[in-house]
Amino acid sequence: MKIRVMVCDDNEEFVANARTHFAVSDKIELVETASNGKDALERLDAVRPDVLLLDLVMPTLDGFSVLERVNKGSMKIIVVSALSQDAFISKAMNLGADFYMMKPVSFGVLDERIIEAVNSKRPTAKNRSMDEKISNIFITVGIPAHIKGYQYLREAIKMTIDSPEIINSITKKLYPEVAEHFNTSPSKVERAIRHAIEVAWNRGKIENINTLFGVRVYNHNEKPTNGEFIALVADKMLLESV
């Protein structure tokens, strides 16, 4: 069966492009559209899509209000917005968005995120709280939510918190388990996580990183390996008794 998608966006060009793109897809179908949050909330209960593509800036009721009011259930929500500020991204993720993508968006990449979101396991309430705390750390250090490595890195950290010894088998156990969770390959997980860390360092928020962890861990000329960064964040979370 095709993945059922609803688009909530007041940008007519984006909606038209989405309609054209999904019309020829053999994996995804567009089942409903709405141009504002109020209409979306009224139609969601009847349509119950697998995935909601949600803009943030809309008339009548914005995307943040939708996130606050929606009865999400098993539905996945992918925010697709032109807003790029860290505060907006953090707020959307903390309100329950599963992915955050910035416009202009590639529909090919959007397809990947939709499939990835549907294949990922639904978080428990405990994991949602942990997701929020890890997301706040990522925002602080400069890892943007719209890149793929963000999700992989968050899942790797949660796995390391649950089983600290897994960090000693990062290639044989950690990457494969993250890959299985997102229905992808271990090599793609490794590359995406490395890219996420590189993005943080290139954004130059090293002082934020050192302040967050309470010590001068790194400088601009050095960056941690994937395993070092995962272990650093996991240790911080464990010390805070997550």
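Reader: Which exposed residues does the face of α2 turned away from its buried side carry?

Author: This is a predicted model, and what follows is read from its atoms. A residue counts as exposed when its relative accessible area is over 50%. On the face of α2 that is turned away from the buried side, the residues that are exposed are E42, D45 and A46.

Reader: Why are the buried residues of α2 on the same side of the helix?

Author: Helix α2 runs over residues 37-47, and its buried residues are G37, D39, A40, L44 and V47. They lie on the same side of α2 because, around the axis, they cover an arc of only 140°.

Reader: Which strands are included in what covers the buried residues of α2?

Author: The cover of these buried residues includes helix α3 (63-69). It also includes strands, and these are β1 (3-8), β2 (28-34) and β3 (51-54).

Reader: Which residue caps the N-terminal end of α2?

Author: At this end of the helix, a side-chain oxygen lies 3.0 Å from the backbone nitrogen of K38. The residue that supplies this oxygen, and so caps α2, is N36.

Note on methods:
Residues are numbered from 1 along each chain as its sequence is written. This is a predicted model: local features need pLDDT of at least 70, side-chain atom pairs count only at pLDDT 80 or more; totals for chains, interfaces and linings use all residues. Side-chain values use heavy atoms; hydrogens and water are left out. Buried means under 20% relative accessible area, exposed over 50%, partly exposed in between (1.4 Å probe, protein chains only). Helices (H or I, at least four residues) and strands (E, at least two) are DSSP runs, numbered from the N terminus. The arc is that of the directions from the helix axis to the C-beta atoms. Contact means heavy atoms within 4.5 Å. A polar contact is a pair of N or O atoms within 3.5 Å; within protein, one must be able to donate a hydrogen and the other to accept it, and residues adjacent in sequence count only if both atoms are side-chain atoms.
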